[in-house]
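Let us walk through this structure one region at a time. Keep the viewer open and follow along.

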Amino acid sequence: MRKLVIVGGQPLKGRVRISGAKNAALAVLSASVLAGEAVVVENIPDINDVRVMVDLIKSLGAGVAWQGGDSVRIRPPATVGSMPAYHLAKKLRASNLLLGPLLAKFGRAEIPLPGGCNIGVRPMDLHFKGFAEMGAEIRLEKGCIRAHCKKLRGTRIYLDFPSVGATENIMMAATLAKGKTVIENVAKEPEVVDLANFLNCLGARVRGAGTDIIKVEGVPSLEGCRRYTVIPDRIEAGTFMVAAVATRGDVELENVILRHLEPLRAKLGEAGAEIFEGEDRLRVTARGELRPIDIKTLPYPGFPTDMQSQMMALLSTVPGTSLITENIFENRFQVVDELKRMGARIKVEGRLAVIEGTDHLHGTQVKATDLRAGAALVVAGLMARGTTEITNTSYIYRGYHELDKKLKALGADISSVENGA
Ligand code: EPZ
């Protein structure tokens, strides 16, 4: 196991290129199973979650070849001999995104029921509701989801909550269903729109992604796609924006989509950061005193829950009282205990965290409890006095490509070392 060792206090300065979006890449890789011919996908981030998803679709019989850099060529399985490898699917919650494609293309799917995780129970009732209304039979047996249906049929489905995963799974299944599917109260995240664009590249007929209603006309089969480029990762970008402000630095982010960063721009601007926008880049600086702010996480275009922990770290040294309300996951304040060990003054009452800004954090040993909590501890370590050692860094490398290298290039005193323990 490795740990990250950070000596805080260095303002981040320079330029960083944002990688492809983890949550778009995972959905697109899963959707590639639906294709009738080879697909080439670019801007795929080389991170652990993606590597597991690649191994998963290989275990289904797909041919997958990295073509250098961030491009992957996939020959989709024509038939499905076996279901996704259990030991791999258990590792990756997003393996549940294989349900829709397998059910639609092969009439059956068998995926381990993804357990809950540190941030919440994360049920799949909305996924199952959609598949059942399309005619599938879903059974939960021995920790596995077993679904089958000779031919899915289009119907009207209402999502009680705009779930990203349920929207993606049902949309993928609908591409090969008989007739038209209308999905209401869908998620509008950029990653959902990216997936819809990829599906249409394959010859699917998906309309309305990014709005509250998605309509899909089923087609008999899908084709290949010569080249599809995944969107940049708005959460990686947001993490670097927060780190730049937290260290009072001056950082330019390249390869971003400004519209996807609106909530971050708005809230960091309210806190006193200065943000200058370019075509596909953005520069973040923070010189003066920062101001406390209130944040509520909401489905897109609201403030993203995946940026909540990182903001918590930043606000822990902003004078005054800041409030964070986590409306998406029921248990996403795991990082609070670790930040308090660094001197943060945070009180949690249910879904509300009250942060009393303190003058500074002090470095110590901390552990990542989930992906974004790990990112938040990196932000905290960058601005703390003294040395911070972060263990359980495997969480961080699930979702960030070469985070320590990118930060070191911006002047951070950070290194990844073997953790003796
Ligand atoms: C996706 O998870 C992302 N993961 C998450 O990113 C992200 O935090 C989340 O969307 C919200 O934006 C991927 O895309 C791989 P949801 P997902 O279904 O699809 C409830 C990260 O750090 N719900 O929108 O699992 C659920 O319990 C990860 O990159 C149901 O009740 O999120 C939660 O409270 C973390 N029933 C809320 O909806 C369901 O059937 C949001 O979940 C499905 C979800």
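Start with helix H1. It is mostly covered: nine of its 10 residues are buried. Those buried residues are Lys22, Ala24, Ala25, Leu26, Ala27, Val28, Leu29, Ser30 and Ala31. Bear in mind throughout that this is a predicted model.

The largest nonpolar core has 81 residues. Helix H1 gives seven residues to this core, the largest share. Which members touch the most others? They are Leu98, Leu99, Leu102, Leu152, Met171 and Leu199. In soluble globular proteins, nonpolar side chains tend to be buried together.

Now turn to the ligand. How many residues surround it? The answer is 21, and the closest are Asp125, Leu126, Ser163, Asp306 and Ile328. Several helices build this shell. H1, helix H5 (125-133), helix H6 (164-174) and helix H12 (371-383) each supply at least two residues. H5 provides the largest share, three residues.

Look next at the polar atoms facing the ligand. A backbone N or O atom of Ile328 lies 2.6 Å from a ligand oxygen atom. Ser163 uses a polar side-chain atom instead, 2.7 Å from an oxygen atom of the ligand. Asn23 also brings a polar side-chain atom, at 3.1 Å from a ligand oxygen. On its own, the ligand has 830 Å² of accessible area, and the protein covers 86% of that.

S7 spans residues 137-141, and S8 spans residues 144-148. The two pair in the antiparallel sense over five bridges. Glu141 has Cys144 in S8 as its bridge partner. Two residues lie between the strands. In this hairpin, Lys142 takes a positive phi near 45°.

Next, find Lys406 in helix H14, residues 403-409. Is this lysine buried or exposed? Lys406 has a relative accessible area of 13%, so it falls under the 20% limit and counts as buried. Its side chain has polar partners. One is the side chain of Glu236, at 2.6 Å. Another is the backbone oxygen of Arg17, which the Lys406 side chain reaches at 3.1 Å. Beyond neighbours within four places in sequence, Lys406 is in contact with Val16, Arg17, Ile18, Ser19, Glu236, Phe240 and His401.

Finish in strand S1, residues 2-7, where Ile6 sits. Ile6 is buried because its relative accessibility is 0%. Leaving aside neighbours within four places in sequence, its contacts include Val378, Gly381, Leu382 and Gly386. Thr387, Thr388, Ile390, Asp413 and Ile414 are also in contact with Ile6. Ile6 and Lys340 are 334 residues apart along the chain, and their C-alpha atoms are separated by 17 Å.

Conventions. Residues are numbered from 1 along each chain as its sequence is written. This is a predicted model: local features need pLDDT of at least 70, side-chain atom pairs count only at pLDDT 80 or more; totals for chains, interfaces and linings use all residues. Side-chain values use heavy atoms; hydrogens and water are left out. A nonpolar core is a set of buried Ala, Val, Leu, Ile, Met, Phe, Trp, Tyr and Cys residues joined through side-chain atoms within 4.5 Å. Buried means under 20% relative accessible area, exposed over 50%, partly exposed in between (1.4 Å probe, protein chains only). Helices (H or I, at least four residues) and strands (E, at least two) are DSSP runs, numbered from the N terminus. Two strands pair if DSSP finds at least two bridges between them. A residue is near a molecule or strand if one of its heavy atoms lies within 4 Å of it. A polar contact is a pair of N or O atoms within 3.5 Å; within protein, one must be able to donate a hydrogen and the other to accept it, and residues adjacent in sequence count only if both atoms are side-chain atoms. Accessible areas come from the Shrake-Rupley method with a 1.4 Å probe; for residues, only the protein chains shown count as cover. Contact means heavy atoms within 4.5 Å.
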